[in-house]
Amino acid sequence: MTRLTYLFGVTLGAGLAAFAVAAQAENLVVSNWDGYMAPDAIEKFNSATGNTAELVLHATNEEIMGKLIASKGKGYDVVFVSSPFAEILNNLGLAETLDHSKIPNIANLYQDATVLKHDPGNAFSLPYAWGTTGLCYRSDLVAGTPDSWMNLLAPTAELTGKTTMLATDRWLLAAGQLALGQSVNETDQAKLEEVRDLLISAKKTLLAYDDTTFYSKLVTGEAHLVQAWDGWCNYGIGENADIKYVIPKEGSDLWVDTMVILKDSANKEAAYAFVNYILDAENHRWAAENILYKVPNQPAMEGLDASLIEAYPNLAMTPAELLKLEQLRDLGEAQRAYSRIVSEIKAAN
Amino acid sequence: MADRKPLYLMTPALVWLSLFMVIPCLLILALAFFRRGIYGGIEYDFTFENIALVFDPLYAGIFIKSAIIAGQAALIASVVGYAAAYAIAAMPKSRQPLLLFLAILPFWSNYLVRTYAWIVLLNREGLIVSVARALGYNQELPSLLYTETAVIVGLVYNYLPFVILACYAPLARMNAEITEASRDLGAGGWTTFRRITLPMTVPGIATGFVFVFVLSIGNFVTPALLGGGQFQMIGNLVYAQFLTANDWPFGAALSMALIAIMMGLLTLQTFATERASGGRVRDADG
């Protein structure tokens, strides 16, 4: 029995290893969020370049980070992650230092997109989409025009019980931080506690915390004013033209989703070809047209249909305006303090 | 040789469980004693910090809150489920399978779909409110969703069939002659129930209660959806450590505490069942 188990173990181990090697050698593995690029992008890339790329999906940044940290960056060639996570990959030494001569389409990026704080000069990441976090509201149900985070955090009596906030730690806290004039990367405990107290008082007025269905709550009228990412507010606008998006006067964060090539990629040439393919104006425009996110690609944005921008005015926001906003950065050790503050808010009655 | 127990038949199940349950649990247990790396991930220096953090008043409070919610759900489900099981067991034998089938029917649909269906039904612009408006009710209705009550209602709804099944088994197995004997000896209906039926079906109630409690205390979907994410149960806290805070060691420590609570309860329940059935055997012998 013991010998059998041993044999079984050895066979299983060898089989898995062989499978892993085969998978690594043959395919270019790209990990992205579901629906974040054209459904036929991989197929078209393969037929245009003769590569055999394969798409795998991750639901969250943390999920792909967990896999990459566990495998020391092996098994993946290109990953789509938000900028703080690109920073981590670079700090861990897992990100490829980009050879710009292999990415001619990098010239399509706006000048402003090449000086982003997390990676000035695009040493290890290429921006794929960028945008803001603000207020999304039903202009037909909300009296006046909201213009401040306090409209959300200390709502009028009519709005009480009809607002939602994002549930994800960083954005939840960002609403309070911006309202109090703090950095969205603040790590001072006393300042975090001020944010906590403000958000606890805001919690009493909320309908719910919601990361995924806030725009449908606006469409049904269940909520009237919600904290939202601009692109997602656009999905609401698509269903009801009375929905509007505004960046509060205190500001917003600038979020950037990026493409990173892994240093240990076994298919580096193909990986470069792939990111170059995505940065092609035509291919990159797909994201703006279909997921309604701003893309940092000048010819892609300039080719957008005027009616699309009319319907979704925040698509017209310029790179210079975006660059005025502060990016979320990796917090390092302070992450635990952030999680704790969020738990304190959620545990408060 | 002839009476040799076919122990080898257990091997596949044992291998399966140890490969896919015991080993992962041990790995999680081990994680709880390491440090979170500065960028997430794990630093392999031994520490009790994560375990200590579980007992921090903030997190211990979340455990207690979860236990209270799970306890309320389990209590309500036990009372309602027992009553239903009692009624089913009292029906003619031919009709019982159909009734049981109806009781477990909700299990045939996806948990998430059922929970979203509740949101469609209960939200402020939802079906119930629309019907009330159509019937001429114009007042603002009390908030039915995104409250603690909504979470408890959701948990009871989802786990009620477990209690019905768990209570039905001992109720259906009860020998009718015993209750008849009790009545012959002058006990009324209520006394018979309290002194005969109830004690004999305690194992079923305990199983149902513990099932609902254990499934509820670790649940994270219902608080997130029906509770509007406005309070954290322990399941949500564990979820957040693994999936948003990237703090696996603390998440592991929390999971271990949760597993310890569940194991404690299951042990108690097994104990209670053994004692109850042991008692019955003695009575039968005596």
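Strand E1 of chain A and strand E2 (residues 53–57) of chain A pair in the parallel sense over five bridges; here two strands count as paired if DSSP finds at least two bridges between them. Within this pairing, A:Val29 has A:Glu54 of E2(A) as its bridge partner. Between the two strands the chain passes through helix H2 (residues 41–49) of chain A, and this β-α-β crossover is right-handed. Right-handed here means that, with the strands pointing away from the viewer, the path from the first strand over the helix to the second runs clockwise. As for the labels, helices (H or I, at least four residues) and strands (E, at least two) are DSSP runs numbered from the N terminus.

E1(A) also has a parallel partner in strand E3 (residues 78–82) of chain A, with two bridges, and A:Val30 stands opposite A:Val78 there. How many residues of strand E1 (residues 28–32) of chain A are buried? Five of its five are, and the strand is mostly covered. Buried means that 20 or more other C-beta atoms lie within 10 Å of the residue's own, exposed means 12 or fewer, and partly exposed lies in between, with C-beta atoms placed from the backbone. On one side of E1(A) sit A:Leu28, A:Val30 and A:Asn32, on the other A:Val29 and A:Ser31, and both faces are covered.

## Before you go further: model and confidence

You are looking at a predicted model, in which local features need pLDDT of at least 70 and side-chain atom pairs count only at pLDDT 80 or more, while totals for chains, interfaces and linings use all residues. Residues are numbered from 1 along each chain as its sequence is written, and chains are lettered from A and ligands numbered from 1 in the order in which they are written.

The pLDDT, the predictor's confidence in each residue from 0 to 100, averages 91 in chain A, where 93% of the residues score at least 70. Residues 1–25 of chain A are another matter: their pLDDT is below 50, and beyond near neighbours in sequence this stretch has four contacts in the model. Where pLDDT is low, the predicted coordinates should not be read in detail.

Strand E4 (residues 126–138) of chain A has twelve of its 13 residues buried, so the rest of the structure largely encloses it. Six bridges link E4(A) to E9(A) in the antiparallel sense, with A:Leu126 partnered by A:Met259. Strand E7 (residues 225–229) of chain A is also antiparallel to E4(A), through five bridges, and A:Tyr137 has A:Leu225 as its bridge partner there.

A:Pro248 is in the loop between strand E8 (243–246) and strand E9 (253–261) of chain A. A:Pro248 counts as buried because it has 21 C-beta neighbours inside 10 Å. Its contacts, leaving out residues up to four places away in sequence, are A:Gly134, A:Leu135, A:Asp147, A:Ser148, A:Trp149 and A:Leu178; a contact means that the C-beta atoms, placed from the backbone, lie within 7 Å. A:Gly134 is 114 residues from A:Pro248 in sequence, yet 6.3 Å away from C-alpha to C-alpha.

A:Lys72 lies between H3 and E3 of chain A and is partly exposed, with 13 other C-beta atoms within 10 Å. A:Leu292 is in the loop between helix H11 (281–290) and helix H12 (298–302) of chain A, and is buried, with 21 other C-beta atoms within 10 Å.

Chain B has 13 helices and two strands, and its C-alpha trace spans about 75 × 75 × 35 Å along its principal axes. Of its 286 residues, 32% are buried. Helix H10 (residues 202–217) of chain B has 14 of its 16 residues buried, so it is largely enclosed by the rest of the structure.

Which element of chain A gives the largest share of the side that touches chain B? The contact takes 31 residues from chain A and 24 residues from chain B. Helix H3 (61–70), helix H4 (83–91), strand E6 (208–209) and helix H15 (335–347) of chain A each supply at least two residues of chain A's side, and H15(A) has the largest share, with seven residues.

Definitions and conventions. Contact = placed C-beta atoms within 7 Å.
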